[in-house]
Amino acid sequence: QVQLVESGGGLVQAGGSLRLSCAASGSIFTINDLDWYRQVPGKQREWVAGISSGGYTSYADSVKGRFTISRDNAKNMAYLQMNGLKPDDTAVYSCRFQIKRQTGTRFENYWGQGTQVTVSS
């Protein structure tokens, strides 16, 4: 069993900051890419940012320069530092980890349950 748990969401005023965390636990051999996604009710899920096992980062144009993704491999954790938040950033944010549970098996995608971020104007 593998479990991903996000934390750090909440209500913030426009221009403010939040730091999201995502912790993976359970039977984990190794973790490959980590990503953050967000979703607004009635809209498709949107990819926000990603970080490879080697630390290479990439961002959606809508958050570039404001959000920073990072990871702590020793703790099996991912982070999303969000600065300069805008009302359009309001969404449920979820993390996705590519996890190999045992040597010789394939990487599989695991998702957290999501954390609400609300930005007021």
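Please keep in mind that the model is predicted. The largest nonpolar core has 30 residues, and a search of the whole structure finds 5 salt bridges.

**Nonpolar core**
- Leu4, Trp36, Leu80, Met82, Tyr93 and Phe97 touch the most other members of the core.
- At least two core residues come from each of several strands, including strand 1 (2–7), strand 4 (30–39) and strand 9 (91–100).
- Strand 9 gives the largest share, with 5 residues.
- Beyond its sequence neighbours up to four places away, Phe97 is in contact with Leu4, Cys22, Ile31, Leu34 and Tyr110, among others.

- Four strands line up antiparallel in the order 1-3-8-7.
- Strand 1 and strand 7 are the edges with a single partner strand each, so one side of each has no neighbour in the sheet.
- On average, neighbouring strands here are turned by 15° against each other, direction ignored.
- Strand 1 pairs with strand 3 over 6 bridges, and Glu6 sits opposite Cys22 of strand 3.

**Salt bridges**
- Asp35 and Arg96 meet through their side chains at 2.8 Å, N to O.
- Because Asp35 belongs to strand 4 and Arg96 to strand 9, this pair ties together parts 61 residues apart in sequence. Both residues are buried.
- Arg38 and Glu46 also form a salt bridge at 2.8 Å, N to O; Arg38 is buried at 7% relative accessible area, whereas Glu46 is partly exposed at 30%.
- A network of salt bridges links Arg38, Glu46, Arg66 and Asp89.
- Asp61 pairs with Lys64 at 3.1 Å, N to O, and Asp61 is exposed at 68% relative accessibility.

Notes: Residues numbered from 1 in each chain as written. Predicted model: local features only at pLDDT ≥ 70, side-chain atom pairs only at ≥ 80, totals over all residues. Heavy atoms only, no water. Core = buried A, V, L, I, M, F, W, Y, C linked by side-chain atoms within 4.5 Å. Buried < 20%, exposed > 50% of the residue type's maximum accessible area, 1.4 Å probe, protein only. Contact = heavy atoms within 4.5 Å. Pairing = 2+ DSSP bridges. Axes fitted to C-alpha atoms, helices over the stretch in contact; angles between N-to-C directions. Salt bridge = Lys/Arg side-chain N within 4 Å of Asp/Glu carboxyl O.
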